[in-house]
Protein chains: 2
Amino acid sequence: MPLPSASVTVDLVVLTIRDRALHVLLVERGVEPFAGAWALPGGFVLDDEDLAEAAYRELAEETGVAHGIHLEQLRTYGAPGRDPRGHVVTVAWLALAPDLGEPAAGSDAAGARWWPMDDVAAGRVPLAFDHAGIVADGLERARAKLEYSSLATAFCPPEFTVAQLRAVYEAVWGVSIDPRNFHRKVTGTPGFVEPTGGTVAEGAGRPARLFRRGHVTTLVPPLTRAEP
Amino acid sequence: MPLPSASVTVDLVVLTIRDRALHVLLVERGVEPFAGAWALPGGFVLDDEDLAEAAYRELAEETGVAHGIHLEQLRTYGAPGRDPRGHVVTVAWLALAPDLGEPAAGSDAAGARWWPMDDVAAGRVPLAFDHAGIVADGLERARAKLEYSSLATAFCPPEFTVAQLRAVYEAVWGVSIDPRNFHRKVTGTPGFVEPTGGTVAEGAGRPARLFRRGHVTTLVPPLTRAEP
DNA sequence: GAAATAGTGTCTATTAGACAGTATTCT
DNA sequence: AGAATACTGTCTAATAGACACTATTTC
């Protein structure tokens, strides 16, 4: 093909909530460049493969799960010199998952683990390539979309309680939210969540009703990120 | 480079408002594939060129202007077969501009013109590649971002009246907005727009005050898209 | 009973939406 | 004067935020 060419990769910002805190999935690179550093899971897009297909493939390789995980395109990065191997353009994807347990290391990775977002965002984890910026962009996207969408349910299992959903907002935004007003807002928006009829008891206290996500995906007016 | 490779292009969804209606910039393709069809302005990303740099270069080639135009990355498209020449991944950008007058045709284009968005969105203009979908995505992005951001000012010259700004919303959303409530919302949000002190008379009626965009870029609560 | 969590009710300050009314220009 | 547009003020229904209270469980 007589056209300018580059390599195209996908990289995944996979977020989940563990122990009431936001975590991001990182792999330890086993090969150069940046061997030993932590990086976003990802890899090359194969010929005749769609970008979303490549993202789902990499997601399944690292987490062992492909269904029930929210995946959306984040942004594409192609600054010259971002990869020492040459002209590499990467399409970054944002994935939001319920707590999946420990990840499986991929082929090129020495290991994989969930890192607390606080540590990563503060620069306490050395990241390869321009992945620190990609993580920051993914975090900001997630935070912004929680305000006006039902995206928070992507962090929850299929059936969840209002308290679980509230814990998502508190973990992603790093704030505390009044449980009573949150309950009223979430259950009072028709179609946002639907009661399943079941209940679940978490230790002491009145058992909570279970909900599943509804068909309404936008929240108007949005929830606002207030101070802690 | 022993890695999978593809060609990377940028394509631009350039929107403007002419005659109180939203328009999109299209070029008539002069070469195969899709010679004679209309397409988004764009081209190949050069080696050692950043994606944003390529987008600005193409924008300047088509419009003759590069400064004062809002440009943001839209989405990347890479479905197999989207380009008959081979594996071509395109990074689409959304550009919003004040009325620029007639465009200049680029090198590969037989002609360039502003098309009414109504005609393009309704499928009345034959578009090359997957560009119809890209235009639709760009339109939806623009419509959504007007709600909660000061993006509408990107369609206006540096100094504008409240009525001009309102005309942007009406053109992009295809609705009519109460001028009095709009005025109160826009001028009542501190830092959203700032009066320049000047006024301008447009035909009959009291002269309107001029504003420039302020430093506040988010609108909370957002404006809502109501019915006409 | 005490403690803990779930869920409901009430009050208030704010505001979106509707629209009457005033101000300033051109013809 | 009359028409047109810019801008301001007022009313009302809705609601976010604050928080008291009730309900249901475990220890």
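Select Lys185(A) first: an N or O atom in its side chain is 3.4 Å from a phosphate oxygen of DNA strand D, a polar contact in the sense of a pair of N or O atoms within 3.5 Å (within protein, one must be able to donate a hydrogen and the other to accept it, and residues adjacent in sequence count only if both atoms are side-chain atoms). The model is predicted, so local features need pLDDT of at least 70 and side-chain atom pairs count only at pLDDT 80 or more, while totals for chains, interfaces and linings use all residues. Residues are numbered from 1 along each chain as its sequence is written, chains are lettered from A and ligands numbered from 1 in the order in which they are written, and side-chain values use heavy atoms, with hydrogens and water left out.

Widening the selection to every residue with a heavy atom within 4 Å of DNA strand D gives 21 residues, with Arg180(A), Arg184(A) and Arg180(B) among the closest. Of the atoms of DNA strand D that come within 4 Å of the protein, sugar and phosphate account for 56%. Helix 5 (179-188) of chain A supplies the largest share of this surface, 4 residues, where helices are DSSP runs (H or I, at least four residues) and strands likewise (E, at least two), numbered from the N terminus.

Now move to the interface of chain B and chain A, where 30 residues of chain B are in contact with 30 residues of chain A, contact being heavy atoms within 4.5 Å. The rule finds 6 residue pairs in polar contact here (both at pLDDT 80 or more). On the side of chain B that touches chain A, strand 1 (7-18), strand 5 (70-77) and strand 6 (88-96) each supply at least two residues, and strand 5 gives the most, with 4.

Finally, select Arg18(B) and Asp99(B), which form a salt bridge with the closest N and O atoms 3.0 Å apart; the term means a side-chain nitrogen of Lys or Arg within 4 Å of a carboxyl oxygen of Asp or Glu. Arg18(B) lies in strand 1 and Asp99(B) in the loop between strand 6 and strand 7 (109-116) of chain B, so the pair ties together parts that are 81 residues apart in sequence.
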